[in-house]
Amino acid sequence: MVKKFIIGACAAVLLLFLFNYAYYHLGIYIDLHPGAPITTFMKTDEDTIYIEEDGEYVPFEIRGVNLGVGIPGEWATDYAIDKETYLRWFGYIQELGANTIRVYTILQDDFYNAFYEYNTRQEERGESPLYLIHGVWVNDYVQNSHRDAYDDEFLQTFIDDCRTVVDILHGKKSLSLGYGVGSGSYRKDVSFWVIGYILGVEWEDVTVAYTDEKYPDRNSYSGTYMYTTENASPFEAMLCQVGDKIIEYESERYKQQRLVAFSNWPTTDPFVYPDEITGFFMKCAQVDVEHIQPTDAFISGYFASYHVYPYYPDYMHYVLNPVDLTESLFENREEGVTYPYHRSDNGTPYEEAMTGNEQADYYDSSGRVNTYYAYLQMLNRHHNIPVVISEYGVSTGRGMAQRDQNTGRNQGHMAEDEQGQALIECYEDIMAAGSAGSCVFTWQDEWFKRTWNTMYAVDLDNTPYWSDYQTNEQYFGLLSFDPGKEESVCYVDGDISEWKEEDIVQESDEGTLSMKYDEKFLYFYVKKEDFNPESDVLYIPVDTTPKSGSTYCENYDISFERASDFVICIDGRSDSRVVVQERYESMRAMYLHETANEDPYLNVPDRDTSVFKQIHLLLQTAMPLITGNWESNAETYETGKLRYGNANPKDEDFDSLADFIFTEDGGVEIRLPWQLLNFSNPSEMMIHDDYYECYGVENLHIDEMYVGLGSEESPGQRIMMESFALEGWGKTVTYHERLKESYYILKDYWASLDQQSRNE
């Protein structure tokens, strides 16, 4: 009997395990209600999204915030955000005035558990919940590879991930940790608050073009819920299949449907532009979701999703301001052959989405040229379904990568108050153009991010462990992570109370120089007797690398005790800057060809050259489309220029981009981002090695730097220099959350709109 009992118990446990594995891991199920009606609480028409309330469908504006997965000290794929943090953030987001969160991929179960708890609590209080738009991610390594969109690792994985997302949202999934996805036991049904899916990512145009060229005959798909029109491309047919399959799976297993959209952005938008623009930007593909249509069986809604920023690529600016390019752009073209990468067979001429009235097309209600608004109008005119701008935003990073030529909403180098105003203007443009909703990019800053014009300068294996203020991509958030557990070690605000005797590095007749640092900045405090900030000039030489440097700076006619690599020059509120010795100028080593059409490894600067250069960053600007000259040099801007102001977020006159301020005791406080001094990984105190020995950027470890203090009052004297120890912090970072000024600006604006709506 005992033996039979044991065998029976083991068999029961095994059956339970097999059932659990088949049901929650493999997604195997039996449809117990095959004839049950399909339900939905979302619908759309040609330009509006609706939500069911009390049995009626009412217009619903998606007013969303994109939510990332990064926190300091962790990679995105570590999924390190806990439930308590999510609950706190959800409260902040709803207080902001948003009604929707958008996530890009499968997160760990803490997110869904927190989302369920938050919304359950909201509804128990009789208050509005937060809604969710969930993405289905396509792995970057798959898209940027030899694979086309019909490869199993692309298409079948895409479809499988759609099923997984559906199961997770209905609380019927167990998932082991995988590359790029979260893990956990997903048992909370949050589908009540999921309004829709955005399938895919910002498509690589080459992947789209490669797929279309490889499979010219696979340009149609007819499913139960979606089908392609006769104008569809092979890539669009693939999207149609994926959309049909996610609707089919949720309809059959859960008897529900919700909104569906496919991700898109200007690089693969539906339009064909003038040949000069097409050729320069190499716009080789179009994706048009108008070629994908719903059947009557799809009772929910379908919308067009776009990521649109004011500064990239701003095709309409170049349409509005055409130039005649030199023949050199097309000198290898045979007569009669179309421009490279030109695909007019599947695209819509941009003119068809314009009114032909320049005043109406290119000017906003304030009367200014606004090509962002022009582009948004094009998208809305083109589509016969609602348009949602699912990403828009600007960065508060100190570094900048692109300029908005018309409205000044740049990619980077915008103070937090400027970010807030730019978000409002973008939102107004989006809604004025007729869009059905929008999502701000993004909720939180993310230290692990990288940007094309600075990624060469940093150790990409260690980006989460320091806050790189020069990399704008890290600072799109409304929530900042500032160094320090509760406060930063220093605030450049004119208040010197945080400076202690142990911070002094050098005392001399010139004055006192003190220093400290954290995960974001190197801080300097200079105290000098009888210092007149309006007329006196201060010099702080900095020696980091033992490979090069000069004991003389011919720019300022000053000499140093040690061969220095940088000079910090404080020359009034408007003419202060950091300069770098030419040998150690990263811009020259990495981008001389782009900026001056010269090889940086010819005529290499001497190791001890006395020439110091301004520090610049490269900008992504279509200069030939502005100048008409294909040989035109790339645009740069001086990132070494120092900005005067108060950098304490608690003060009324806070300027988040401030680099220095004069103190009441006759001194100056300065903060410099690490990368400005060629640190590639300050968490381990790694700097750039000699570019011309290494043919590029390689890392060099240092454990000290030398600094000194001089002024114009001591001409001809060598500036004495002292050692400042550098220890780093490894992978142990400290930080605290802070809602940016932009959060409160946007919150007040959205609150005013809601109040106005209630009054109407």
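What is the relative accessibility of Arg-607, and what does Arg-607 count as?

Author: Arg-607 counts as partly exposed, at 36% relative accessibility. Buried means under 20% relative accessible area, exposed means over 50%, and partly exposed lies in between (1.4 Å probe, protein chains only). This is a predicted model: local features need pLDDT of at least 70, side-chain atom pairs count only at pLDDT 80 or more, and totals for chains, interfaces and linings use all residues. Residues are numbered from 1 along each chain as its sequence is written, and side-chain values use heavy atoms, with hydrogens and water left out.

First, the location. Arg-607 sits in the loop between helix H13 (586–596) and strand S29 (612–614). Helices (H or I, at least four residues) and strands (E, at least two) are DSSP runs, numbered from the N terminus. Tyr-584 is 23 residues from Arg-607 in sequence; in space the two are 8.6 Å apart, C-alpha to C-alpha.

Next, the contacts (heavy atoms within 4.5 Å). Setting aside residues up to four places away in sequence, Arg-607 touches Lys-547, Ser-548, Gly-549, Gln-581, Arg-583, Asp-690 and Glu-693.

Glu-693 is also a salt-bridge partner of Arg-607: their closest N and O atoms are 2.7 Å apart. Glu-693 belongs to helix H15 (residues 691–694) and Arg-607 to the loop between H13 and S29, so this pair ties together parts 86 residues apart in sequence. Glu-693 is partly exposed too, at 41% relative accessibility. A salt bridge here is a side-chain nitrogen of Lys or Arg within 4 Å of a carboxyl oxygen of Asp or Glu. By this rule there are 35 salt bridges.

Glu-510 bridges to Lys-528, with closest N and O atoms 3.3 Å apart. Glu-510 lies in the loop between strand S21 (504–508) and strand S22 (511–517), and Lys-528 in the loop between strand S23 (521–527) and strand S24 (538–543), so parts 18 residues apart in sequence are tied together. Both Glu-510 and Lys-528 are buried.

The other pair is Arg-562 and Asp-543, which meet in a salt bridge at 3.0 Å, N to O. Arg-562 is in strand S26 (residues 558–564) and Asp-543 in strand S24, 19 residues apart. Arg-562 is partly exposed at 32% relative accessibility, whereas Asp-543 is buried at 5%.
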